[in-house]
Amino acid sequence: MSDTLRIVRPGLLTTVQDLGRWGHQAEAVSVSGPMDWFSHRLANELVGNPSTAATLEATLIGPELIVDADTIGAVAGADFEVTCDDATVASTKAFAIRRGARVRFGRRHAGSRAYLAIAGGITTPRVLGSRATDLVSGIGGVDGRALIAGDVLPLGMATLVSTPPRDVAGLALPITGQAQVRIMPGGQAEWFTAEAWTMLTTASFRVSSRSNRMGFRLEGPALTRLHSDELITEPLAEGAIQVPAAGEPILLMADRQTAGGYPKIANLIKADLPLAGQLAPGDTIRFQSCTHAEAVGALIARERQLLRYAGLRDAS
Amino acid sequence: MDISRESDTMWLVRFEQQIDQQISERAIDVATRLRGHGLRGVRDVVPAYCAVGIHFDPLQVDLLALERAIAHEGAIATDASVPVETAPLVEIPVRYGGEDGPDLDALAARAGCSPDEVIERHRAREYRVYMLGFVPGFAYLGRVDPRIAAPRHRTPRERVPAGSVGIAGEQTGVYPIATPGGWQIVGRTDLRMFDVSRTPANLLSAGDRVRFVPVPEARR
């Protein structure tokens, strides 16, 4: 009997995600992947999966599902009340699942996106090398869409029989509705007034309701340009903050387009993308300037957090 | 040519900033050769009109090696390896005007000519695929007859149907899927621009030649 996971209630927006569809942006295929790569990888670590395994990304209202496998699961990221049959499941802690168990996401206390990893990973077919769901193009995951009730997802073979490990409280990200993130100047930073940069690095911006996995529109002071030159469409980086003529910045997230023609005032560093990925409409975000060396240092610190967990698991 | 350090995960190699066939060929060529280096930590090399984006994992990449590779490839002049006439030619049948091309009449009025003349000028040219971008299957084609070049809508439409053929500035292109969009829509095609069940999934590749062929409005 093959192992599966069956969706009973899909939640608000639950998708299959892996680390993304890299290598196809020249064909205009977006990268996609988790909005919070750190929690996605942590959930995988907790069940002994490689970081490349696919998880479920739940958004604001989590799913209810039945796991048809004797296996191990873990939830990381947003803090939801989660149960497995009648037992409460702690966030960021692996739990045993017996065949037919019902995993239910309940109330959410902090953050927006939680990642459910199952040992062996979710093994929906790869499209162009990845299982990530790209909602804009409609590829990957299950028919390129959010999961619906009745979807049955195949599970892979667990590569490692992991004993449920020790508590790893303190290794998870600090998740709140007010993110403080670091930026570096973007490709067209000098196209903006000095006041625009001051505004960006001192004001608080609110995530607009017109936000999705492609990007967050940020409400706050308008960022004014020095001139109205047109930029010729060029490739875009993850975390780019582009500013259309009206001055309302857009932070580009997982399902971002591969190229665009709006000037970029700044770029969120990779280490802090997960903090932004945990925001919901109405939450606030503040930006702080940093150097390339600081960006790399911050990323090494995140990797160390994950390595520390891997060390704990192997020791247990 | 210079390197713009866009972020901790991407650099851009920028060429002279204009939409020009030679510059485009150079960007595509440099991207292809950089990919050939197989540099550690480089995840994606993406040519555009006059720039090449290099995406990397900051903890895997050797930025000095990347810089050397860029300098090396940038110093090699492009010998237009594929003569333009031998690039694949793709014909795209288009129903112009009416429901399929809601902006045709206004664009004609703006250009001071008849809708038929807009169609004639749009179909008369052979276009080059400068780059793919925006969403899968979206090819940026140039250059449009300046007489019928038109700015984007000030407020983009919430939904442009799949197959819509649009004009923006001196660019033209086909929306492969229904998306929001600000281009002036003059017609529509039934061709599938992107289909993952096909190899390659994209109907068009950078460097291809394209012609639009008017077909009667009778639906499907």
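Buried area is the accessible area, taken with a 1.4 Å probe, that two parts lose on being put together, summed over both. By that definition, chain B and chain A of this predicted model bury about 3100 Å² between them, with carbon and sulfur atoms giving 64% of the area.

**The interface of chain B and chain A**

- The contact involves 39 residues of chain B and 39 residues of chain A, and B:Asp8, B:Arg43 and B:Leu59 supply 20% of the area that chain B buries against chain A, which is more than any other three residues.
- Eight residue pairs are in polar contact across the interface, while the count of salt bridges between chain B and chain A is one.
- That salt bridge joins the side chains of A:Glu234 and B:Arg14, at 2.9 Å from N to O.
- On the side of chain B that touches chain A, strand 2 (10-14), strand 3 (42-47), strand 4 (51-56) and strand 6 each supply at least two residues, and strand 3 gives the most, with five residues.
- By class, this side of chain B holds 23 nonpolar, 10 polar and six charged residues.

**Salt bridges within the chains**

- Over all chains, a search of the whole structure finds 33 salt bridges.
- In chain A, the side chains of A:Glu64 and A:Arg9 meet at 3.0 Å, N to O, and this pair links strand 4 (residues 64-68) with strand 1 (residues 4-9), the two residues being 55 apart in the chain.
- A:Glu64 counts as buried because its relative accessibility is 8%, under the 20% limit, whereas A:Arg9, at 34%, counts as partly exposed.
- A:Glu234 also forms a salt bridge with A:Lys264, at 2.8 Å from N to O, and this pair links strand 13 (residues 234-235) with strand 17 (residues 264-268) of chain A across 30 residues.
- A:Lys264 counts as buried at 2% relative accessibility, and A:Glu234 counts as buried at 1%.
- B:Arg121 is partly exposed, with a relative accessible area of 25%, while B:Asp145 is buried, with 11%.

**Helix 1 of chain B**

- Helix 1 (residues 21-36) has 16 residues and reaches 23 Å from its first C-alpha to its last, close to the 22 Å expected at 1.5 Å a residue.
- B:Asp20 caps the N-terminal end of the helix, with a side-chain oxygen 2.9 Å from the backbone nitrogen of B:Gln22, and just after the helix B:Gly38 takes a positive phi of about 55 degrees.
- The buried residues of helix 1, among them B:Ile23, B:Ile28, B:Val30 and B:Leu34, pack against strand 3, strand 4, helix 2 (63-75) and strand 6 of chain B.

**The surroundings of B:Arg125**

- B:Arg125 lies in the loop between helix 4 (115-124) and strand 6 (127-132) of chain B, and at 33% relative accessibility it counts as partly exposed.
- Leaving aside residues up to four places away in sequence, B:Arg125 touches B:Arg143, B:Val144, B:Asp145, B:Pro146, B:Val210 and B:Arg211.
- A polar atom of the B:Arg125 side chain lies 3.0 Å from the backbone oxygen of B:Arg143.
- B:Arg125 and B:Val210 are 85 residues apart in sequence, yet their C-alpha atoms are 8.7 Å apart in space.

Notes
Residues numbered from 1 in each chain as written. Chains lettered and ligands numbered in written order. Predicted model: local features only at pLDDT ≥ 70, side-chain atom pairs only at ≥ 80, totals over all residues. Heavy atoms only, no water. Helix = DSSP H or I, 4+ residues; strand = E, 2+ residues; numbered from the N terminus. Buried < 20%, exposed > 50% of the residue type's maximum accessible area, 1.4 Å probe, protein only. Contact = heavy atoms within 4.5 Å. Polar contact = N/O pair within 3.5 Å; in protein donor to acceptor, adjacent residues only side chain to side chain. Salt bridge = Lys/Arg side-chain N within 4 Å of Asp/Glu carboxyl O. Nonpolar A, V, L, I, M, F, W, Y, C, P; charged D, E, K, R; others polar. Expected span 1.5 Å × (residues − 1).
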